[in-house]
Amino acid sequence: MAGGSKGPETLRQPSRGGGVELPRVPPMLVRLLSADDPGVLSVRHWLEGIDAVRIFRGQPGVRLNASTLEVAIDDPYASANHVLVRLTPEGITVQDEGSSNGTYVDGEPLLPGEERRVRSALIEVGRNFFLLRDETAGSRESPMMPDGRVPVTFHAGFAEELRRAVRLARRAHDLLVVGESGAGKEVAARWLHQQSGRPGPLVAVNCAALPEHLLEDELFGHVKGAFSGAESDRTGLIRAAHGGVLLLDEVGEMSPSLQAKLLRVLEDKKVRPLGGERELPVDIQVIAATNRDLRTMVDEGEFRQDLHARLGLLTVRIPPMRERREDLGLLIRSVLTPLPAGVQSLRFELEALRSLLLHDWPMNVRELRKLLLAAVDLAIPEGEGAVVIGPQHVPSGILGSSERSTAAPGPLSTEDEALRARLSGLLAEHKGNIAAVAREIEKPRIFVQRLMARLGVRRPGH
């Protein structure tokens, strides 16, 4: 966004093979989702040169007022003065400005006058959710999907890796994509194929899905009579990918003998079908994907060092979802757009969407997709197409790790100890009547309940 341009400052991004200098990027604010219209595209605002951010109800739009970024949202549950974010040399703080329905930071309410220090935080304003992230390292530019409208990621580090990977893909270099199970390695590989400009197809094979002898035949093909049952020639996936990209998913599961044969294909650009006498020229680019640590496998003799060097000129690491919360709006929208069959409109109850955005997603995008589609199917009413996803539509146990309010509170800060004492006093004064406490502090009842859960406060006599 607005603000003076800084010099080319860099941060060192550590890696096993040595440091890589990445440019520093300023703090960011991402409008993730509206519970009432999750199809609206997420928007990112860079906070360079910004001293404060105000989010409030008003005519939708963003404007710069001196060094304050003003973000107005069309949300009847937000207030005309709702939340203030301050960016200072000492750090970032979030403060409620006396809103009617309260401000929630990472699912926990702010008391009037409380100024909470954060580095990365989910901020809930009315029925809208924002992600605030402090300064990090990476690229300011968001790579785009083929339609040119939707960003691939707002994660600065991931964006920088993709930027470098595209440059190599367009020069026909082989690439290695690594990430946890379900993180989206195949999706990233298909996007890199689209960006490479290669006219041929992307041909994918899962190296873990077939035993060695079948995988060899699948890759290299065979000539008629090569073995019992080989009644005709078979092209093989390597030649099928001619002019395009061969995606080797779970490449770490490939046997050492097949690794040697693959390396020869990559070096000589020729392939010999099983039972064949001639080597046939082939033009392919290989994108390999794995959730294993190939460097450790090389050290332990389980993966060829020369093949790793060939594939790993640039290793594209896909961050797990718990590290890229700024992308949650993009990812949820990608699953729900277009709306599933039979659904005319879709919205979330706040508790359900809050839980989704706070969940750690150990199985990453695969888990998110499965959960959302199941929730939609459970929420479709008979004879209607308007879907409202609530907590009751989330499959049992999947979001258990996000139920932070039921966990025992950790050590409290001095400010929280003071808040705890004040809240305990109010509850004692009103004989445990939460509604009466809420009226006194002019906040909703749910605000008091969540504050009690965060601070570990119980009603007198309970």
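I began with Leu-29, which stands opposite His-45 in β4. I am working on a predicted model, where local features need pLDDT of at least 70 and side-chain atom pairs count only at pLDDT 80 or more, while totals for chains, interfaces and linings use all residues. Residues are numbered from 1 along each chain as its sequence is written, and side-chain values use heavy atoms, with hydrogens and water left out.

**Antiparallel sheet.** I looked up the strands around that residue pair. Strand β3 (residues 28–34) pairs with β4 in the antiparallel sense, over four bridges. Pairing here requires that DSSP finds at least two bridges between two strands. Helices (H or I, at least four residues) and strands (E, at least two) are DSSP runs, numbered from the N terminus. β3 and β4 belong to an open sheet of six strands, in the order β4-β3-β14-β13-β10-β11, with antiparallel pairing.

**Parallel sheet.** Next I traced an open sheet of five strands with parallel pairing. I read its order as β17-β18-β21-β16-β22. β17 (202–206) and β22 (315–317) are the edges, and each pairs on one side only. From one strand to the next, the twist averages 20 degrees. I took axes as lines fitted to C-alpha atoms, for helices over the stretch in contact, with angles from 0 to 180 degrees between N-to-C directions. Strand β16 (residues 175–178) pairs with β22 in the parallel sense over three bridges. There, Val-177 stands opposite Val-316 in β22. Which helix lies across β16, β21 and β22? I found helix α1 (residues 156–169), running at about 150 degrees to β22.

**Helix pair.** I then turned to α12 (residues 434–441) and α13 (residues 445–455). They pack at an angle of about 105 degrees, and their axes are 8 Å apart. That makes α12 roughly perpendicular to α13 (angles under 35 degrees count as roughly parallel, over 145 as roughly antiparallel, 65 to 115 as roughly perpendicular and the rest as oblique). From α12, the contact (heavy atoms within 4.5 Å) takes in Ile-434, Ala-435, Val-437, Ala-438 and Ile-441. From α13, I listed Arg-445, Phe-447, Val-448, Gln-449 and Met-452. The contact residues divide into eight nonpolar, one polar and one charged (Ala, Val, Leu, Ile, Met, Phe, Trp, Tyr, Cys and Pro count as nonpolar, Asp, Glu, Lys and Arg as charged, and the others, Gly among them, as polar).

**Rings.** How many aromatic pairs does the count give? I got zero; rings of Phe, Tyr and Trp (its six-membered ring) pair if their centres lie within 6.5 Å, with planes under 30 degrees apart counted as stacked, over 60 as edge-to-face and the rest as tilted. I did find charges over rings (NZ of Lys or CZ of Arg within 6 Å of the ring centre and within 35 degrees of the ring normal). Arg-127 lies over the face of Tyr-77, at 5.9 Å from the ring centre. Arg-354 lies over the face of Tyr-104, at 5.4 Å from the ring centre.

**Loops.** I placed Leu-274 in the loop between β19 (270–271) and β20 (280–281). Leaving out residues up to four places away in sequence, Leu-274 touches Glu-216, Asp-217, Gly-221, His-222, Val-223 and Ala-226. Its C-alpha atom is separated by 69 Å from that of Ser-413, 139 residues apart along the chain.

Most residues other than glycine have a negative phi, and most peptide bonds are trans. I noted Glu-250, with a positive phi of about 55 degrees, in the loop between β18 (245–249) and α5 (256–268). I also noted a cis peptide bond joining Thr-337 and Pro-338, with omega about -5 degrees. Pro-338 lies in the loop between α8 (328–336) and β23 (345–348).
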